Amino acid sequence: MQWRRAHRYRDEVATRARQQAAVADLGQRALAGLPLDELIDEAVACVAGELGTDYASVLELTSDRSGLLIRAGHGLPDGVTGGVLPVQSDELPGYALESDGPLVVDDFAGETRFGPSPLQRDLQIVSAMAAPIGTPGRRFGVLGASSRRAHKFSPDDALFLQAIANVVGAAAERERTDELVRDSEARFRELADTTPALMWMTDSEGTVTYLNKGWLRFTGRTLQEELGATWAVGAHPDDLHEVLTRWRKALAKREEFRTEYRLVRRDGSERWVLAEGLPRYYAGEFVGYVGTATDIHDRRLMEDALRESEASFRDLADTAPVMIWTTDERGLVTFVNAGWLRYTGTTLEEELGPSWSLGVHPEDAPAVISSWNEKLAAREPWELEYRLRGKSGDYRWIVDRGVPRYEGGRFVGYVGTAIDIHERKTMEARLREVYEREHTIAETLQRSLLPERLPRIEGLEIAARYLPAGHGAAVGGDWYDALERADGRVALVVGDVVGHGLRAAAIMGQLRNAFRAYGLAEVSPAEVMARVNRLVMSGEEEAMATALYLVLDRETGEVTFASAGHPPPLVLSSEGPEFLEGGRAVPIGAADPGIFREGSAVLPPGASLLLYTDGLVERRDIPLEERLAALADAAGSGEGGLEGLCDSVLSRVLGEHVPTDDIALLAVRPRPVSTRSMKLALPAEPESLAVLRRRLGRFLHAVEATDDVAYEVTLTVCEAAGNAIEHAYGPVDATFDVEISFQNDTLLAVVRDRGSWRERRGTHRGRGLKIIEGLMDDVEVTSEPDGTVIKMRRRLAA
Amino acid sequence: MTNSARVRDELLVSVPNDALALVVDLDGCRYLDSAAIEVLFDLARRLGRRRQELRLVLPQSSPLVRVLMLTDVQSVAGVHETLDSALAQ
């Protein structure tokens with residue numbers, strides 16, 4: 001038999017699973033902080049081992065972009081690593097740099113796009129693959145694999161190489177950023193130490209980890225004395241309770257924090273300060289707070305003094321270092337103090353009336369004016385941060401605050417103070433920038449772990465939802481999966497890795513692959529679970545997860561399933577909602593060896609099945625049975641489209657509640673096989689015959705054909721399909737169509753291919769046609785310009 | 001189509017030189033396509049060169065009966081109702 005390639009479907013799947021596992025493993029090591037040099041060495045060893053090539057190497061672009069440094073190599077002769085090749089775009093490495101994907105060379109002799117590099121010529125390379133590392137515009141280099149003999153690389157091999165290159169690229173980018181961050185943090189601290197503003201940082205528990213010189217100067221204490229405690233050390237005893245309450249509340253919810261209190265200095269004196277803090281995140285994980293404290297002592301004194309008298313107020317005002325202003329009841333400025341004039345460099349006359357707003361930055365002016373007018377009309381306190389033009393003409397950030405004043409019960413206008421917060425604002429901006437960059441790198445690494453798109457499985461309606469919790473995280477520890485096994489049954493998985501963030505996501509990636517590989521090989525769900533558990537227990541990292549693995553027979557509706565500490569699947573049908581009990585065991589990663597059980601059930605016709613993770617039903621103070629009952633309620637009868645079912649379950653179960661845990665939801669419904677007709681389009685490859693045979697089997701079973709008839713019809717249609725596959729000519733994705741229908745009690749099968757007619761090869765094709773003609777009542781073969789059509793008819797006994 | 005060459009090779013390798021015949025038991029076999037039938041013919045031919053026979057076990061009730069008759073396989077291999085019958089000298 002002269003087929004294009006005789007590869008075995010199952011071996012392909014095993015190879016793909018192994019390659020994916022290798023990528024996920026390398027990715028996880030990169031995330032865990034493996035130094036770049038070690039990562040690159042591991043990458044080339046992995047590539048050479050996995051692809052079976054003589055050599056593998058990572059070439060790094062030099063800073064002037066004219067050379068490629070051989071940074072690491074596997075199998076290369078001594079002395080080669082460390083050398084530099086010039087970048088030539090008519091050679092494979094140089095060409096790969098410009099490419100937006102992997103390049104495959106089965107044999108350089110037949111390659112017209114480019115030639116081998118001088119090094120490759122010296123090593124007598126015959127076949128090679130190369131993948132660019134890094135993003136276009138910021139290329140790190142090239143990952144290559146090559147051999148001294150001709151090698152047939154598969155599309156999977158090319159994708160595997162590119163995936164490894166992507167991991168190396170992301171890690172290289174992160175290392176570059178780490179250097180920048182280290183520089184940046186060093187610069188940040190330098191700057192933080194020169195600014196008069198007071199700055200502080202905590203870790204995720206709320207313990208102080210950093211205070212700048214300004215803070216220490218202000219309090220008069222040393223770093224030793226202040227570090228390690230909550231920053232409320234030094235708070236006036238009368239204010240302490242309020243401050244701690246607010247702080248704990250903000251920390252618990254990871255919200256912006258803000259409070260005014262008296263900070264007691266070493267010499268016993270007190271100053272009113274306004275402490276503000278923002279939560280910080282790194283790669284989706286909360287890592288603590290960063291904040292400032294601003295001296296508002298004078299402002300508070302002003303507000304008190306004003307109650308006494310206007311005159312003593314002005315006296316005080318002019319000596320105060322802060323900026324002060326007052327308005328009349330119409331909101332027009334009647335006074336600004338010397339401090340304000342020193343800042344703006346203007347005269348009192350220029351600031352009176354409505355003209356103070358002229359110094360406001362044009363971008364901020366609309367917000368300033370509208371919020372001021374709004375508060376003025378309501379006679380409420382007003383506060384805003386905006387940019388005000390200083391004496392030198394530069395704009396600086398200030399926070400301006402005004403409160404209404406009354407004289408003898410009558411509203412007479414506002415008094416306000418403004419404080420320069422420029423340093424603090426620029427600090428915040430710089431910090432945000434640094435964390436943005438880190439976040440982008442982490443996101444890129446995360447995306448390589450995202451679950452693939454839902455597979456389309458014939459005869460099964462599927463819908464799924466995936467909601468990772470966590471600030472800005474693209475992927476969490478939950479997953480869902482569906483795959484079609486060789487025996488025709490469908491395996492469904494849903495799982496939940498303990499923990500959050502990137503580490504959980506990396507473990508999730510490996511578990512997902514493990515379930516796929518074992519799910520294809522093992523028949524029994526309990527055995528699949530046991531094998532995954534053994535894999536986890538034998539690993540170095542501690543990991544735990546709950547999972548639900550279920551095998552479904554689309555024809556009969558039979559399901560067998562095993563649960564490892566996971567909530568039960570929900571069956572929705574006209575008979576009412578029902579949770580599938582049984583098959584329960586401890587989570588994966590909890591016991592070695594683990595004892596896993598199986599449960600089984602039969603889905604009524606037309607039923608839907610819902611698999612989900614704990615995040616959907618998790619509520620701290622509500623018992624499990626109630627939560628499950630609520631889910632069953634929300635799901636209803638499960639009629640209608642599955643996409644709508646997922647949406648309505650999510651909205652009804654979650655409501656306003658913001659989930660703190662990842663959520664995965666998978667809904668399936670076996671589609672009844674039509675008993676009147678069947679239509680299928682398949683790729684023109686040998687592997688399609690198995691799919692066709694299974695589909696025909698289900699269809700003929702549904703129309704209640706006898707075993708003999710089922711076999712003969714299946715055989716003839718497959719023989720006709722075999723013709724179509726042999727005739728396929730041209731691009732790999734050529735397809736052929738099969739259509740079965742009934743005319744009274746005569747079955748009509750039509751097989752249509754798109755290839756050009758070729759002379760029959762070998763005697764067995766002729767035998768095939770003989771079989772078709774012998775088993776069917778009527779056969780018609782027509783040659784059309786765009787393909788061949790074989791029509792066969794067979795009377796079925798009534 | 002995807003594994004017939006392998007099946008043929010494995011079968012050939014398993015037949016020692018002093019055996020009289022190779023018996024292929026098709027009882028319970030639920031699917032046989034033209035590629036597999038080709039293997040049977042090929043086997044029969046190669047065994048014939050070694051002066052060995054190919055015998056098939058095929059009950060009358062098997063769904064494969066009609067197809068095998070159509071392809072005239074009984075012209076190159078002995079067809080028996082039962083395994084015992086096929087193993088008899």
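The crossing of α17(A) and α18(A) is right-handed, a crossing being right-handed if the near helix is turned clockwise from the far one by less than a right angle, and left-handed if anticlockwise. The model is predicted: local features need pLDDT of at least 70 and side-chain atom pairs count only at pLDDT 80 or more, while totals for chains, interfaces and linings use all residues. Residues are numbered from 1 along each chain as its sequence is written, and chains are lettered from A and ligands numbered from 1 in the order in which they are written.

**Helix pair in chain A**

- Helix α17 (residues 624–635) and helix α18 (residues 642–654) of chain A pack with their axes 9 Å apart, at an angle of about 135°; axes are lines fitted to C-alpha atoms, for helices over the stretch in contact, and angles run from 0 to 180 degrees between N-to-C directions.
- This angle makes α17(A) oblique to α18(A), since angles under 35 degrees count as roughly parallel, over 145 as roughly antiparallel, 65 to 115 as roughly perpendicular and the rest as oblique.
- On the α17(A) side, A:Ala630, A:Leu631, A:Ala634 and A:Ala635 meet A:Leu645, A:Val649, A:Arg652 and A:Val653 of α18(A); two residues are in contact if their C-beta atoms, placed from the backbone, lie within 7 Å.

**Chain A overall**

- Chain A has 21 helices and 32 strands; helices (H or I, at least four residues) and strands (E, at least two) are DSSP runs, numbered from the N terminus.
- Of the 798 residues in chain A, 39% are buried, where a residue is buried if 20 or more other C-beta atoms lie within 10 Å of its own, exposed if 12 or fewer, and partly exposed in between, with C-beta atoms placed from the backbone.
- Among contacts in chain A with a separation of 6 or more, 58% are between residues 24 or more positions apart.

**Nonpolar cores**

- The largest nonpolar core has 114 residues, and those with the most contacts inside it are A:Ala43, A:Val47, A:Leu143, A:Ile164, A:Val168 and A:Tyr549; a nonpolar core is a set of buried Ala, Val, Leu, Ile, Met, Phe, Trp, Tyr and Cys residues joined through C-beta atoms within 7 Å.
- At least three residues of this core come from each of domain 1 (12–177) and domain 4 (451–670) of chain A, the domain bounds coming from an automatic or database domain assignment.
- Not counting residues up to four places away in sequence, A:Val47 touches A:Ala56, A:Leu143, A:Ala145, A:Leu161 and A:Ile164.
- Another core, of 43 residues, lies apart from the largest one and includes A:Ala724, A:Phe736, B:Val57 and B:Leu68.

- Chain B has four helices and three strands, and its elements run α-β-α-β-α-β-α from the N terminus on.
- Buried residues make up 26% of the 89 residues of chain B, and 72% of its contacts between residues at least 6 apart in sequence join residues at least 24 apart.
- α1(B) and α2(B) pack at an angle of about 30°, with their axes 9 Å apart, and are therefore roughly parallel to each other.
- The crossing in which α1(B) passes α2(B) is right-handed.
- Residues that meet in this pair include B:Val7, B:Leu11 and B:Leu12 in α1(B) and B:Val39, B:Leu43 and B:Arg46 in α2(B).
- Between the chains, 15 residues of chain B are in contact with 20 residues of chain A.
- On the side of chain B that touches chain A, the elements giving two or more residues are α1 (4–13), α2 (34–49) and α3 (65–70) of chain B; α2(B) gives the most, with four residues.

**Backbone features in chain A**

- Most residues other than glycine have a negative phi, and most peptide bonds are trans.
- The peptide bond from A:Asp592 to A:Pro593 is cis, with omega near -5°, and A:Pro593 is in the loop between β24 (584–585) and β25 (599–602) of chain A.
- A:Gln124 has a positive phi, near 60°, in the loop between α4 (118–122) and β5 (127–135) of chain A; with 12 C-beta neighbours inside 10 Å, A:Gln124 counts as exposed.
- A:Arg254 has a positive phi, near 55°, in the loop between α8 (237–253) and β9 (257–264) of chain A; with 16 other C-beta atoms within 10 Å, A:Arg254 is partly exposed.
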